[in-house]
Amino acid sequence: MSILRGFVITGLTLLLLINSTGSVLAQDEESFVRRSIVSKKDAIVLSVIYPGLGQMTAGQKYKGISLFLAETVSLIFTINSHENYRTKQKVYDKDMIEFNNIAKQQSGEYNDALEQYNDLKDRNDELDNLNTVRNVALIAAVAVYAYNVVDAVFLSSSTSESRQVDNGKSKIVVRSTIIDKNPGILLSKSF
Amino acid sequence: MKKSIIFLTPILILFIVVSCSKEHDAPTFSKYGIAQKPANVVASYDTDTDIVNVTWDIIETTSVVDFIVSVSDSSDFDMGNVNPYITHSTDITDMSYLFEVKNYLSADVDSTILYFTVSAVYKEENLNYFIGPRADVPASALIKRD
């Protein structure tokens with residue numbers, strides 16, 4: 001249960017981080033536009049490859065890092081609890097066979113069977129808990145991934161197109177943007 | 001709303017699928033449920049023959065093929081020196097056993113207390129001479145030799 005508690009605390013911390021960075025990001029949309037180095041399409045592709053990558057490269061650094069960490073932590077918990085579950089399950093299955101064989105072997109005793117049954121019952125509860133931790137971690141990983149993709153596709157205020165115009169010596173970047181649902185055009189030039 | 005549905009639906013489906021994917025089975029004690037504890041164990045010592053007559057009851061004798069009478073020299077049964085004796089019953093309905101004290105105690109012991117308990121032995125499709133639970137209360141017999 002300490003693993004589950006740790007997971008819940010970590011998850012809540014990451015959610016708070018995501019939530020708190022949301023307001024910062026809302027105020028930082030202009031800088032997001034300035035820092036955007038990839039198109040929206042590329043950002044979506046990167047987000048599909050691994051959560052947070054698209055947001056990070058699109059300028060939403062804090063949200064990207066939060067999603068990246070949330071996904072990584074969820075996956076670590078999933079893999080760790082899955083391995084733990086499988087290891088304990090193998091021993092449990094072996095003891096379960098022994099328990100069932102008490103009846104078949106000659107002169108098996110009721111007290112031995114009862115003792116082993118109680119032990120198996122406790123371990124079955126432990127396996128149930130591990131299975132729950134594993135499932136919650138997996139669902140969290142999928143939820144973060146799904147949120148990340150949905151965020152990249154629907155939710156982000158981001159540049160939709162960018163085009164570079166060659167103006168002789170320097171390049172002027174022309175972007176059509178949507179910031180807080182307000183469409184506009186952003187012109188930027190690098191010196 | 002549409003975005004929320006798109007976001008939540010796959011997670012909900014995954015939760016249902018994953019929740020049902022338990023890979024271990026809970027243990028069941030049903031095959032041992034037939035085994036019963038004998039009751040009303042009584043032990044009476046006959047000084048003339050130096051034999052303890054142990055009797056007991058058991059409600060259901062289906063699948064019972066024998067009994068085991070265990071004797072201990074301690075009131076805390078398992079803390080003592082415990083010896084099991086198979087009754088080799090030819091008639092299961094005859095629930096008694098004559099315990100010869102001379103085979104257990106040396107002749108120089110004048111007085112002691114022995115404790116007796118009984119288990120049924122089961123043989124059926126799932127149980128292979130399985131020794132059932134003991135009677136809850138052991139019977140005591142005061143051995144007092146002349």
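## Ground rules

What you're looking at is a predicted model, where local features need pLDDT of at least 70, side-chain atom pairs count only at pLDDT 80 or more, and totals for chains, interfaces and linings use all residues. Residues are numbered from 1 along each chain as its sequence is written, while chains are lettered from A and ligands numbered from 1 in the order in which they are written.

## Chain A at a glance

Chain A has 6 helices and 3 strands; here helices (H or I, at least four residues) and strands (E, at least two) are DSSP runs, numbered from the N terminus. Reading from the N terminus, the order is α-α-α-α-α-α-β-β-β.

Of the 191 residues in chain A, 30% are buried. For burial, count the other C-beta atoms within 10 Å of a residue's own, with C-beta atoms placed from the backbone: 20 or more is buried, 12 or fewer is exposed, and in between is partly exposed. As for contacts (C-beta atoms, placed from the backbone, within 7 Å), take those in chain A with a separation of 6 or more: 58% of them link residues 24 or more positions apart.

## Where A meets B

Across the interface, 28 residues of chain A are in contact with 26 residues of chain B. On the chain A side, α5 (61-104) and α6 (110-155) each supply at least two residues. The largest share comes from α6(A), with 17 residues.

By residue type, the side of chain A that touches chain B splits into 17 nonpolar, 8 polar and 3 charged. In this scheme Ala, Val, Leu, Ile, Met, Phe, Trp, Tyr, Cys and Pro are nonpolar, Asp, Glu, Lys and Arg are charged, and the others, Gly among them, are polar.

## A sheet in chain B

Over in chain B, 3 strands make an open antiparallel sheet in the order β1-β2-β5. Strands pair if DSSP finds at least two bridges between them. β1 (39-46) and β5 (96-100) of chain B are the edge strands, each pairing on one side only. The twist averages 20 degrees from one strand to the next, using lines fitted to C-alpha atoms as axes and angles from 0 to 180 degrees between N-to-C directions.

Strand β2 (residues 51-57) of chain B runs antiparallel to β5(B), and 5 bridges join them. Val52(B) sits opposite Phe99(B), and Ile51(B) sits opposite Glu100(B). Tyr97(B) and Phe99(B) form the covered face of β5(B), whereas Ser96(B), Leu98(B) and Glu100(B) are on the uncovered one.

Definitions and conventions. Two residues are in contact if their C-beta atoms, placed from the backbone, lie within 7 Å.
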